[in-house]
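Subject: Handover of a structural model

Dear colleague,

Please find the structure below, followed by an account of what was found in it. I would be grateful if you could read the two together.

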Amino acid sequence: MLGLFLVAAAAELVAVAADLTVLQWIAKPLLALSLIGYLLRAGRRDLVTVALVLACAGDVVLLARGQTWFLVGMVFFLGTQICLLVAFLRRSRPRWPTFVIGGLFWLTANALLWNHLGGLRVPILLYSLALVAMAAAATGHGRRVGAGAVLFVVSDLLIGLRSAGFPLPAHDVLVMSTYAAALALIATGWANAPEPANPID
């Protein structure tokens, strides 16, 4: 399944760079789908797998154009972040300074972009809160999961910059490469993490 993921990721980056719409419709959903298969084969039938199902749905929705589809996709990815957050907190609780740092980052990023987001201000404010909380919670689960969570923040921050009118060069390639790496690191790190002796309810 990881081989399928790598093929899908390479195809998706080529499709984004060359603006090949049909290839994007084929490759993008396979990113999360292949990792769902990987987690199921590893015996991980939990909220992280559910998070990837929601991410797959969000990927499909975001292939459509327009602000309405963007907001629907954001709802699916909000579900992704909440599922990841709950899954991470059930296994272990990171130290509180991590959440303080994440909170300061959340406040700063939203303050800087606030005047440029128009009608997306509140949706992005709420979504980014769940995203940053997820990343903070991920720090208690090893370097791989933590790095994946940080890359998820980077990928969505890039989307936020584009929504605010500040796209970077090769913007879409940067978004997809960081997103694909985030999914892979979280899924593989989670699959290889030992089950806690006393999980937190």
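How do the residues of the lining of the largest pocket divide into nonpolar, polar and charged? In this predicted model, they comprise 25 nonpolar, 9 polar and 8 charged residues. Here Ala, Val, Leu, Ile, Met, Phe, Trp, Tyr, Cys and Pro count as nonpolar, Asp, Glu, Lys and Arg as charged, and the others, Gly among them, as polar.

On conventions, residues are numbered from 1 along each chain as its sequence is written, and side-chain values use heavy atoms, with hydrogens and water left out. Because the model is predicted, local features need pLDDT of at least 70 and side-chain atom pairs count only at pLDDT 80 or more, whereas totals for chains, interfaces and linings use all residues.

Overall fold

The protein has 8 helices and 0 strands (DSSP runs numbered from the N terminus: helices are H or I of at least four residues, strands E of at least two). Its radius of gyration is 16 Å, close to the 17 Å that the globule rule gives for 201 residues, so the protein is as compact as a globular protein of that length (the radius is taken over C-alpha atoms, and the rule is 2.2 Å times the number of residues to the power 0.38). Along the principal axes, the C-alpha atoms fill a box of roughly 45 × 40 × 25 Å.

Of the 201 residues, 45% are buried (buried means under 20% relative accessible area, exposed over 50%, partly exposed in between, with a 1.4 Å probe and protein chains only). Among contacts between residues at least 6 apart in sequence, 72% join residues at least 24 apart, a contact being heavy atoms within 4.5 Å. The protein exposes about 10,100 Å², with carbon and sulfur atoms supplying 71% of this area (Shrake-Rupley method, 1.4 Å probe).

Pockets

The largest pocket holds about 970 Å³ of space. A pocket is an open set of points on a 1 Å grid over the protein atoms alone, where a 1.4 Å probe fits, with protein on both sides within 12 Å along at least five of seven lines; lining residues have an atom within 4 Å of a point. Volume is the space filled by probe spheres set on the points, which are joined across faces, edges and corners. The lining of the largest pocket has 42 residues, and L62, F70, I159, R162 and V175 are the closest to its centre. Helix α7 provides the largest share of that lining, 8 residues.

The second largest pocket holds about 200 Å³. Its lining includes T98, F105, V132 and V154. Helices α5, α6 and α7 each supply at least two lining residues, and α5 gives the most, with 4. This lining divides into 8 nonpolar, 3 polar and no charged residues.

Two individual residues

L35 is found in helix α2 and is buried, with a relative accessible area of 0%. Leaving aside neighbours within four places in sequence, L35 is in contact with L2, F5, L52, L183, A184 and A187. L35 and L183 are 148 residues apart in sequence, yet their C-alpha atoms lie 7.8 Å apart in space.

H141 lies in the loop between α6 and α7. This histidine counts as buried at 13% relative accessibility. Not counting residues up to four places away in sequence, H141 touches F88, R91, S92 and W190.

Yours sincerely
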